[in-house]
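Let's take a walk through this protein together, one region at a time. Have the sequence and the model open beside you as you read.

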Amino acid sequence: MTATVPREEQLWSRCAGCASLLYRKRLRRNLDVCPECGEHARLGAPERLRLLVDPGSLRLLPDQLPEADPIDFVDVLPYPHRLSAARASTGLAEAVVCAMATIGGHPAVLAVMDFRFLGGSLGCAVGELITRAAERALDDRIPLILITASGGARMQEGTLSLMQMATVSQAIAALREAGLLTVSVLTDPTYGGVAASFATNTDLVLAESGARMGFAGPRVIRQVTGRALPEGFQTADVLLRHGQVDMVVQRRSLRGQLGALLAATRPTRAGRPTRPPVPRQEPAALRERLTDDGAAPADPPADGDAAGTPSTTPGQGGTPPVRDAWDTVRMARHPGRPTTLDYLDSVFDGFVELHGDRLGGDCPAIVGGVARLADRHVMVIGHQKGHTTAELVARNFGMASPAGHRKALRLMRLAARLGLPVVTLVDTPGADPGVSAEEQGQAAAIAENILTLTVLPTPVLAVITGEGGSGGALALAVADRVLMLENAVYSVISPEGCAAILWPDRSAAPQAARALRLTAPDLCRLGVVDEVVSEPSTAAHDDPAEAAQRLRAALLTNLLPLLDVPPAMLVRLRRQRFRRFGSTRAGVRAGAR
Ligand SMILES: [Zn+2]
């Protein structure tokens with residue numbers, strides 16, 4: 001498990017903070033914290049575990065999973081080559097190491113991420129291993145501690161990597177329900193999909209001294225805003241000041257602090273909530289009730305051929321013509337494409353918009369409220385873009401702020417209390433990557449929405465109508481059924497962003513679009529999407545009335561069966577839907593390019 005380190009580096013090490021040349025053994029004795037300036041150097045997962053747990057108490061959980069290259073991703077290197085290189089250089093099987101141990105005598109399950117392994121990126125295997133760790137904590141009724149270090153989602157696994165945010169979040173939700181403590185310890189760096197899920201939707205969030213955490217990375221924010229970032233932006237001390245972490249902890253105090261927290265919340269007293277009996281599998285008949293409408297089967301197809309042919313809205317003339325992924329991206333972004341407010345006008349009746357997050361803001365990029373769909377009352381929540389530049393600017397191009405996500409959260413919870421089903425319309429390039437969005441807790445806002453949707457006791461039906469951009473899209477798309485318009489896209493990262501990182505040149509965006517498997521037919525094959533809603537003639541904006549009619553038919557077909565399912569069962573089935581996206585799906589592949 002120990003990384004092989006070249007000989008000269010074993011003797012001396014240069015501090016990233018003050019550039020002092022430090023004797024390696026001295027640095028090690030000081031827990032890799034610079035004795036000159038206090039800089040906390042990054043730690044690999046094995047060293048981190050040794051540092052945190054009681055000596056002799058560590059028991060590693062299995063880390064072997066089937067080989068996964070779920071979308072056959074190739075940039076300048078095939079993904080399996082990158083995986084092999086990461087394994088060789090770290091000695092680890094994946095970017096997380098999970099274990100059981102005691103800390104100060106208190107048992108806990110730990111999942112420790114390792115940034116050296118492909119930037120600690122969250123792929124299917126990482127999501128599966130952390131989910132299993134959480135399930136182990138639930139079975140043994142002990143706390144879960146997550147040590148995060150990640151650049152974000154693993155884009156080589158496309159939208160399946162995005163799904164891991166939901167999979168792990170629902171495992172955290174199960175621990176919440178069972179009254180078991182979850183703690184995350186943010187270490188440097190924690191960004192993207194990890195920040196916007198299990199790094200921030202745990203009960204307690206600790207930040208190691210000097211750690212940086214955020215949804216959007218500083219480079220992206222500088223690019224978007226064109227401005228220098230404030231002093232200390234996204235660092236632990238500033239996160240504390242903005243109310244986003246419980247405490248900042250020096251590395252040498254971390255074990256003691258965790259021990260104290262575990263002691264204070266020890267699950268031994270009588271009268272604690274007990275875990276409700278949750279059957280692991282639903283009767284087949286009940287599953288069929290949700291899938292017998294001619295849509296894709298609940299279980300993933302065996303391979304990307306005939307079995308994986310996406311279903312389309314009934315009566316719309318069969319399989320849509322195959323369009324190049326990049327053309328679809330451009331179609332999904334077309335300014336003439338119907339927006340959420342357009343659909344609220346054409347598909348629904350009597351929309352009453354509700355405003356505000358009750359915490360200080362009303363984000364124009366999210367609209368929501370009650371409406372009727374064929375005389376049934378529903379709560380509709382969607383991203384709002386616009387058709388003109390002025391509209392787009394006023395709506396922040398459909399990029400929600402934390403206030404927008406919190407408004408959506410308020411409306412979801414309200415819907416559940418009132419017994420209204422939730423319909424979400426997803427059309428966003430992504431969550432707002434701005435300075436104030438970060439300062440107001442964008443990552444935590446998205447994370448809480450994702451977690452809440454995994455337990456929301458009312459039917460949830462999501463439709464990707466245009467752009468389904470990353471965590472900002474998923475914050476409205478953890479649903480019982482996920483539909484996608486024929487020319488919509490749904491991706492863990494924009495093709496331009498992916499191209500800039502992996503090729504690395506934004507002009508490779510069309511190739512990235514193809515590699516990411518972001519079109520509706522591809523995502524249907526991968527089981528991320530349940531049904532493709534066909535669009536009229538060339539696209540929805542050519543005939544908005546017809547597009548609206550088809551969407552309405554698809555909504556009714558998919559929503560009505562959900563209304564008869566008891567809420568507790570809906571939640572269990574929804575959890576099963578998102579539990580499938582771990583490595584158990586490794587054998588499922590999108591069709592050949
Ligand atoms: Zn230093």
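**A guided walk through the model**

Val 565 sits in the loop that links α22 (544-563) to α23 (567-579). Keep in mind from the outset that this is a predicted model. Is Val 565 buried or exposed? With a relative accessible area of 7%, Val 565 is buried, because anything under 20% falls in that class. Now look for Pro 459, which lies 106 residues away from Val 565 along the chain. The C-alpha atoms of Val 565 and Pro 459 are separated by 8.4 Å.

From there, move on to Leu 461, a residue of strand β15 (residues 460-469). Leu 461 has a relative accessibility of 0% and therefore counts as buried. Its C-alpha atom is separated by 8.5 Å from that of Val 478, a residue 17 positions away along the chain.

Let's turn next to the nonpolar interior. In soluble globular proteins, nonpolar side chains tend to be buried together. Here the largest nonpolar core has 172 residues. Which residues have the most contacts inside this core? They are Ile 145, Phe 348 and Tyr 490. Helix α6 (residues 158-177) gives the largest share of the core, with 11 residues.

Ile 147 belongs to strand β6, and at 1% relative accessibility Ile 147 is buried. The C-alpha atom of Ile 147 is separated by 9.9 Å from that of Phe 198, although the two residues are 51 apart along the chain.

Compare that with Arg 136, which you will find in helix α5 (residues 124-140). Arg 136 has a relative accessibility of 29%, so it counts as partly exposed. Another pair to pick out on screen is Arg 136 and Leu 61: they are 75 residues apart along the chain, and their C-alpha atoms are separated by 9.4 Å.

Now for the empty space inside. Rolling a probe the size of a water molecule over the atoms shows where empty space is left. In this model there are three cavities of 30 Å³ or more. The second largest cavity has a volume of about 110 Å³. It is lined by 17 residues, and those closest to its centre are Arg 42, Arg 48, Thr 187, Asp 188 and Glu 208. The elements that each give two or more residues to the lining are β5 (106-113), β6 (144-150) and β7 (182-191). What kinds of residue make up the lining of the second largest cavity? Eight are nonpolar, four are polar and five are charged.

Stay with Asp 188 for a moment, since the backbone deserves a look there too. Most residues other than glycine have a negative phi, and most peptide bonds are trans. The peptide bond from Asp 188 to Pro 189, however, is cis, with omega near -10 degrees. Pro 189 is part of strand β7.

The phi angles bring up two further residues. Ala 19 is not a glycine, yet its phi is positive, near 65 degrees. Ala 19 lies in the loop between β1 (12-14) and β2 (21-23), and with a relative accessible area of 40% it is partly exposed. Leu 31 also has a positive phi, of about 60 degrees, and is not a glycine. You will find Leu 31 in the loop between α2 (24-29) and α3 (45-52). At 24% relative accessibility, Leu 31 is partly exposed.

Our last stop is the metal site. Which protein atoms are the donors of the zinc ion? They are the SG atoms of Cys 15, Cys 18, Cys 34 and Cys 37, lying 2.3 Å from the zinc ion. Read along the sequence, these donor residues follow the spacing C-x2-C-x15-C-x2-C. Ideal angles at a metal are 109.5 degrees for four tetrahedral donors. The angles among the four donor atoms here are 106 to 111 degrees, and the site is tetrahedral. Two of the donor residues can be set side by side for their accessibility. Cys 34 is buried, with a relative accessible area of 4%, whereas Cys 37 is partly exposed, with a relative accessible area of 40%.

Note on methods. Residues are numbered from 1 along each chain as its sequence is written. This is a predicted model: local features need pLDDT of at least 70, side-chain atom pairs count only at pLDDT 80 or more; totals for chains, interfaces and linings use all residues. Side-chain values use heavy atoms; hydrogens and water are left out. Donors are N, O and S atoms within 2.8 Å of the metal (3.2 Å for Na, K and Ca); water is not among the atoms, so sites may look incomplete. Four donors count as tetrahedral if all angles lie between 85 and 135 degrees; four count as square planar and six as octahedral if opposite donors are over 155 degrees apart and all others between 65 and 115; anything else is irregular. Buried means under 20% relative accessible area, exposed over 50%, partly exposed in between (1.4 Å probe, protein chains only). On a 1 Å grid over the protein atoms alone, a cavity is a set of points where a 1.4 Å probe fits but cannot get out, and a pocket is an open set with protein on both sides within 12 Å along at least five of seven lines; lining residues have an atom within 4 Å of a point. Grid points are joined across faces, edges and corners, and a volume is the space filled by probe spheres set on the points. Helices (H or I, at least four residues) and strands (E, at least two) are DSSP runs, numbered from the N terminus. Ala, Val, Leu, Ile, Met, Phe, Trp, Tyr, Cys and Pro count as nonpolar, Asp, Glu, Lys and Arg as charged, and the others, Gly among them, as polar. A nonpolar core is a set of buried Ala, Val, Leu, Ile, Met, Phe, Trp, Tyr and Cys residues joined through side-chain atoms within 4.5 Å.
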